[in-house]
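Me: I am new to this structure and would like to learn how to read its features one at a time. Please give me the general idea first and then the case at hand.

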Amino acid sequence: MALADFLAELNSLASDAQAAFEKATDNDALEALRVEFLGAKAGRLKAIQKGMGSVDKTDKPAAGQRFNAVKELVEQTLEAALTRLASATTTSSAEAFDATRPGKPYHRSEWRVGRLHPITQTIERMKEIMGRLGFTAVEGPEVEDDHHNFVALNIPESHPARDPLDNFYLATAVAGQNGTAERLAAAGPDGKPLLLRSQTSTVQIRVLEETPPPVRIVSLGRVYRPDTADATHYPMFHQIEGLCVAPGVTMADLKGVLQMFWQSYFGMESNEPIEVRFRPSFFPFTEPSVECDIWHDGKWMEIGGAGMVDPNVLRAVGYDPEEVTGFAFGLGIERICMRQHGITDIRDLYTNDVRFLAQF
Amino acid sequence: MIVSTEWLAEYVDLPASVEELTERLTLSGLNLEEVQRVGDDNAIDLEVTSNRSDCLGHLGVAREIAVLWDRPLKRPEPQPQDSGEPIARATSVTNNCPELCARYTARVIKGVKIGPSPAWLQKRLQTLGIATVNNVVDITNYVMMEIGQPLHAFDHAKLAGGQIVVRRATVGEKFTAIDHKTYDLSGDEVVIADARRPVALGGVMGGAETEISDETVDVLIEAADFDPLTVRGAARRHVLFSPSSYRFERGVDPEGIDWASRRCCELILELAGGVLCEGVVDVGGPRPRQLENNRDHIKLRYPQIERVLGVVIPSETVRKVLVDLGCVETHNCDHCVKVVPPSWRADLTREVDLIEEVARIYGYDKVPTASQLPIVPSALRREDVVLDRIRRVLTAAGFDEAYTLSAVEPELIDAFRPWTEKPALSTSTSVLRGATCLRQTLVPSLLVCRKTNEALSNPVIEQFEIAKVYLPRDGGAPEERRMLAIASGGGLLELKGVIEALLREVAPRAKYTHVATSGGVLDAQRSVGLVLNGQPLCLLGELSAAGRKRFGLRGPASVAELSLGVLMESVELVPTTVALSPYPPVSRDVNLIVDESIAWAQIEAVACATGGSLVERVVFQDDSFRDATQIGTGKKSVVFRLQLRSPDATLTSDQADGVVSRVLTALEADLGGKLRA
């Protein structure tokens, strides 16, 4: 076959296909056309391809090239027609779709009660126990200013905790020269950069600033630290912090409250008395500072930091450390939750695999 | 901090077992990380908190042991023979930046013989995991691990002019460190220079050109006090963390500097020979220490101990603990004790700091587990109650709760913007793989989870999340709005059913209106906005084909996002009951022909408004019938039921028909609706 004949056949097939696909008004018609033009056994394109065998050897590359181009074109035309029909379906019925109608019940093959996320379950349980001990749950902003995240917590300008590499400082994008976006530090009321809070103690400061003593609160929520995500670290996690400030509050009260808290928390699985142990530690916002362990399941389990509110913190919120004392404690929710449920990778908590969530 | 028990035993008699030792240390502030047996020695890894730089040397740890077990501390008193020429002839030190280096001391030993350290010294360093180099370098490391003061030895012959200049680095200055890498200095570092060039990055690392080699004959020993922040900055900037920078970052004992220098020289004379030049070049002095109330001592009032700890500690015990720790007592009476804290405890400046010292040595186990707090009421916040109820509705409806990250990739910000057009706040470093923007809606995060679940072929993916979005405001912190987002495989109306159910649960009398949406990733027709009290409450809809493609989803998906703050304003947590009629209702079905464009909400509104108090419910039934030949082009048939009831009597048929006809008249007048023949 001469190359010219071969090409002419191809071209006429291409224009036929285009015209036919464009006219198709429903999916059945389109399917019939697909078989006619692109059918693997008896399609017109297939027939032409068979004819290529008789094209002159020297012309074969040119013939092959054109054949492929046309094949692709026809396939694209089909794709376009399919899309057109699909959107036409929604448009035509859409004109009649009345979104103000009342809702309908779900019809599912399987009836199932959804699950609360294990973090919610842990938080709610802790909140509920602390509530019975007289601690009211409070929340505060996750985006904090320098004063609440550092200054009022007795973390001076020179403290390593302020390092830009240890915090998520925030910036806002502004249109710069040449239409490029530039980063401009997002500043708080004091003109210093805003950041994602690195601890929920910020909320305690906010409450103390506005409330005269006595204060008994738990603050909860998301906190952020630039940790590389691995099985035990995630840049976002949850904290619960208890705070009690009043005249005469002592470290014995702290120990007692923690003991009652953990006794209640683990009460369902264990009748053995929970014992609380303090190990000296260091935090800028408490003095003395301790790490707290509890005796549970036959071993000491580290559960978080605690201490007596540092006099500098009390002064920063306008309290007189000669009048009142206070204790504070904090713990990471993920760690407790993971240990309780045997979760070995913290990232599982944020992947939200339905099968994972269904286990709680 | 790794300590060797053999080494510790040189300064204090250790308790019988390593277990007893580490247990007590753990409970008094030096937390045990790990014990490793190294030959006949033990390497104990202790966690030292950042305020306790005094324990970054064996002597400091030995002091703790001495205090805890009430045993004497044997501290060497180095007295090296300085029989050489006066030091002023050998070197000079100029300090051009006392703010970065409070004190600099130099001693020079001439004629040393460089060689390997003796076996005992090598063994001690090896126990600690420190590589041995040669006798002089090993000795500087040894003394650092003994007292916590970093030292540096220069090859004196290689110092241009034989002198030391302490100064701030210049911008772009080059420095070649012992690791033979060249660093471009930023100008914020402190450098030790000779007459020509920097020879050490102060407090961080020595320089290659002046390091001790086999040819070294004369050595200059540096013991200094570099500014913690400057050292930390330099170590971070050049990623050069060393045992030296670690200690300077935490602050060194200003009075330990000369001790360390003498100790180092004494050991060099003993182990490498040579002659020590007479005297020391000592520039600067200790940084000023500020004690509470600008006193020259700290006052500890005895009653304060019980006030803070909840336990009485005998004053004799208090005094003994403080003195054992190195405090100098300047006063004692029934009421208080006054002490001057030791130079190595920069963390002790206040009364409460002393209380902590007494507590940790006396033992926290003696603080009773006994809360004396009075019973006080506490209540759940309104919002918590609402969230709890919403979670109940959603789990009952078969939705699982998801938790997703508060930051998203910039592309996800652009994908869906229901609440703001302002650019998102971004974080200085990526929160997680490219997630640099604080999210402004939860929906994209849930759709990403949906894709993950689709990929796992999880058959039912019905999820919700309650979390905050961050809407930027001009000047100051963003507005943090708590949202409820739902992602479902059901259609718009199924999702709407869920929203209605939760509104009934917490805000039964909330009356919202519908508004059209602008589409985007949502199907413009199969989506709707709900407005409550003039504020946007909720956006819900099915994803368009483009929207599904945008999120890489195969199956159908619908989403909703509800502003919980707007909802809170209409929340009624304590419902008030109304009297119920004892009479049966009467129902009338209506089949109304209206233009397709008439929305059910309009029909319902007219019916409620005109039906009067007898209308108990207006119940939608169907609007699917369309047939141009039967009901006309562009018309639809809407079937609904009017349920009527009177509080006073059973309604008669006539009464009911009266209401229906009133409603129909209004529907025709207002909406052009006609009863289907």
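Reply: A residue is called buried if 20 or more other C-beta atoms, placed from the backbone, lie within 10 Å of its own, exposed if 12 or fewer do, and partly exposed in between. What you see is a predicted model, in which local features need pLDDT of at least 70 and side-chain atom pairs count only at pLDDT 80 or more, while totals for chains, interfaces and linings use all residues. Residues are numbered from 1 along each chain as its sequence is written, and chains are lettered from A and ligands numbered from 1 in the order in which they are written.

Me: Is G148(B) buried or exposed?

Reply: G148(B) counts as buried because it has 27 C-beta neighbours inside 10 Å. The residue sits in the loop that joins α6 (135–147) to β6 (151–155) in chain B, where helices (H or I, at least four residues) and strands (E, at least two) are DSSP runs numbered from the N terminus.

Me: Which residues is G148(B) in contact with, leaving aside its neighbours within four places in sequence?

Reply: Contact here means that the C-beta atoms of two residues, placed from the backbone, lie within 7 Å. With neighbours up to four places away set aside, the partners of G148(B) include S53(B), D54(B), L56(B), G57(B) and G60(B) from one part of the sequence, and R247(B), V252(B), D253(B) and G256(B) from another.

Me: How many residues of chain A are in contact with chain B?

Reply: There are 88 residues of chain A in contact with 98 residues of chain B. On the chain A side, helix α8 (residues 251–266) gives the largest share, eight residues. Sorted by class, that side has 49 nonpolar, 20 polar and 19 charged residues, with Ala, Val, Leu, Ile, Met, Phe, Trp, Tyr, Cys and Pro taken as nonpolar, Asp, Glu, Lys and Arg as charged, and the others, Gly among them, as polar.

Me: Which residues touch the most other members of the largest nonpolar core?

Reply: A nonpolar core is a set of buried Ala, Val, Leu, Ile, Met, Phe, Trp, Tyr and Cys residues joined through C-beta atoms within 7 Å. The largest one has 243 residues, and F327(A), A485(B), I486(B), V559(B) and A560(B) touch the most other members. Apart from that core lies another, of 19 residues, with V586(B), L592(B), I603(B) and L642(B) among them. Returning to F327(A), its contacts beyond four places in sequence include C244(A), V249(A), M251(A), A306(A) and M308(A).

Me: Where does UniProt place a "binding site"?

Reply: An unreviewed UniProt entry places that feature at E287(A); such positions are given in the numbering used here, feature names are shortened, and annotations may be inferred rather than shown by experiment. E287(A) belongs to strand β9 (residues 286–296) of chain A, and it is buried because 24 other C-beta atoms lie within 10 Å. Beyond four places in sequence, E287(A) is in contact with G307(A), M308(A) and D310(A), and also with V352(B), D353(B) and E356(B). The peptide bond from E287(A) to P288(A) is cis, with omega near -5°.

Me: What is the phi of S457(B)?

Reply: Phi of S457(B) is near 55°, a positive value in a residue other than glycine. S457(B) lies in the loop between α15 (443–455) and β23 (463–471) of chain B, and it is exposed because it has 6 other C-beta atoms within 10 Å. N533(B), with phi near 50°, is likewise a residue other than glycine with a positive value; it lies in the loop between β26 (522–532) and β27 (535–543) of chain B.
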